[in-house]
Amino acid sequence: MHTLVVVSHPQLSGSNTQNFFRESAQSLADVLWHPLTTQNFDLAAERQLLQTADRVVLQFPLYWYSAPASLWRWLDEVWVRGVVYDEHGGLLGGKTLGLVVNYGQSPQSFGLAGQNGLSVADTLKPFVGIANRTGMTLLPPIVVPQFERMTDEARATLMVRYQQYLTLMQPQQREEQARWFARQLRARQQDIFADALTDQEDDLLRLRQTVAELRAGEED
Amino acid sequence: MADDTRGKWLVAEAQRLSTQQDNYAEQAFYTALAAFCAEQQHELELAAGEVDGRSWNHEQW
């Protein structure tokens with residue numbers, strides 16, 4: 001799977017969050033890091049990037065309850081009729097659309113009765129429309145509030161979650177996450193650990209199957 | 001209850017390996033792995049508890 005990560009940030013080099021993501025993605029094969037730093041896009045090249053990607057991840061800090069201007073400009077110019085949709089529907093079918101969004105306010109400020117008066121999901125609604133219009137499947141987003149305040153453990157978990165987000169077909173699915181960890185362990189010659197992790201996951205799947213059968217039996 | 005020996009070993013081993021790494025990315029990998037294994041063990045205990053609870057159905061005595 002080939003992933004295109006489109007990064008929009010007005011001061012990219014000074015962003016600790018984006019630097020963290022860039023370093024997290026560095027070791028991944030088949031992931032293209034594509035910061036929007038130019039005012040003049042080579043439209044043919046940009047469209048080629050889009051068309052060859054299996055997954056497009058739009059990555060940005062929330063600016064006035066939306067993406068920064070550079071992302072909208074890129075979408076306005078590159079994602080046009082004839083490229084991403086036509087009169088028959090979306091032209092990006094089979095691709096997935098991911099969102100990696102961060103913000104500096106507290107999570108409560110986007111909660112019910114929070115000072116913003118809307119949720120982060122509300123701010124991302126246009127991307128639901130974009131996915132639907134272009135035929136893409138939208139992935140559950142990664143939302144990162146207050147990166148600077150995160151603990152080391154939370155950052156470690158975020159790093160792995162992000163790597164899985166860029167490389168797994170269904171990154172939210174725990175069985176796929178377990179297989180990813182097992183592969184990573186084998187690449188580090190930790191085969192005994194990988195086997196034990198896989199056995200543990202198999203036990204969990206078997207137990208869940210038993211639970212499902214017992215529930216079904218009670219409904220009969 | 002499910003035997004939790006393997007689950008506890010996985011978490012402890014991931015934590016041990018995390019402390020042995022010099023490189024941040026490797027440390028972070030094992031730290032995240034420990035969190036994943038802890039969550040996996042928790043899910044196993046929940047599922048095992050539900051199997052016990054549903055198997056102990058007095059209406060089927």
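This is a predicted model: local features need pLDDT of at least 70, side-chain atom pairs count only at pLDDT 80 or more; totals for chains, interfaces and linings use all residues.

**Entry: two packed helices.** Residues are numbered from 1 along each chain as its sequence is written, and chains are lettered from A and ligands numbered from 1 in the order in which they are written.

I then looked up the angle: helix 7 of chain A and helix 8 of chain A pack at about 165 degrees, and their axes are 8 Å apart. Axes here are lines fitted to C-alpha atoms, for helices over the stretch in contact, with angles running from 0 to 180 degrees between N-to-C directions.

Next I looked at who meets whom. On the helix 7 side of chain A I found, among others, Phe181(A) and Leu185(A), and on the helix 8 side the residues include Phe193(A), Leu197(A) and Leu205(A). Contact means C-beta atoms, placed from the backbone, within 7 Å. By class, this helix contact has eight nonpolar, one polar and four charged residues. Ala, Val, Leu, Ile, Met, Phe, Trp, Tyr, Cys and Pro count as nonpolar, Asp, Glu, Lys and Arg as charged, and the others, Gly among them, as polar.

**Entry: chain A meets chain B.** I found 24 residues from chain A and 22 residues from chain B in the contact. Helix 6 (152-167), helix 7 (174-187) and helix 8 of chain A each give two or more residues to the chain A side. Helix 8 of chain A has the largest share, 14 residues. I sorted that side of chain A into eleven nonpolar, six polar and seven charged residues. Chain B itself has two helices and zero strands.

Entry: I picked Asp202(A), which sits in helix 8 (residues 191-219) of chain A. Is Asp202(A) buried or exposed? Asp202(A) counts as exposed because it has 12 C-beta neighbours inside 10 Å (12 or fewer is exposed, 20 or more is buried, and in between is partly exposed).

**Entry: domains.** Chain A is assigned domain 1 (3-171) and domain 2 (173-220), with bounds from an automatic or database domain assignment. I noted that their C-alpha centres lie 30 Å apart. Five residues of domain 1 are in contact with four residues of domain 2.

**Entry: two positive phi values.** Most residues other than glycine have a negative phi. I found Tyr65(A) with phi near 60 degrees, in the loop between strand 3 (55-61) and helix 3 (69-78) of chain A. Gln146(A) has phi near 45 degrees and lies in the loop between strand 8 (142-145) and helix 6 of chain A. Tyr65(A) is partly exposed, with 14 other C-beta atoms within 10 Å, and Gln146(A) is partly exposed with 13.

Methods
Helices (H or I, at least four residues) and strands (E, at least two) are DSSP runs, numbered from the N terminus. Two residues are in contact if their C-beta atoms, placed from the backbone, lie within 7 Å.
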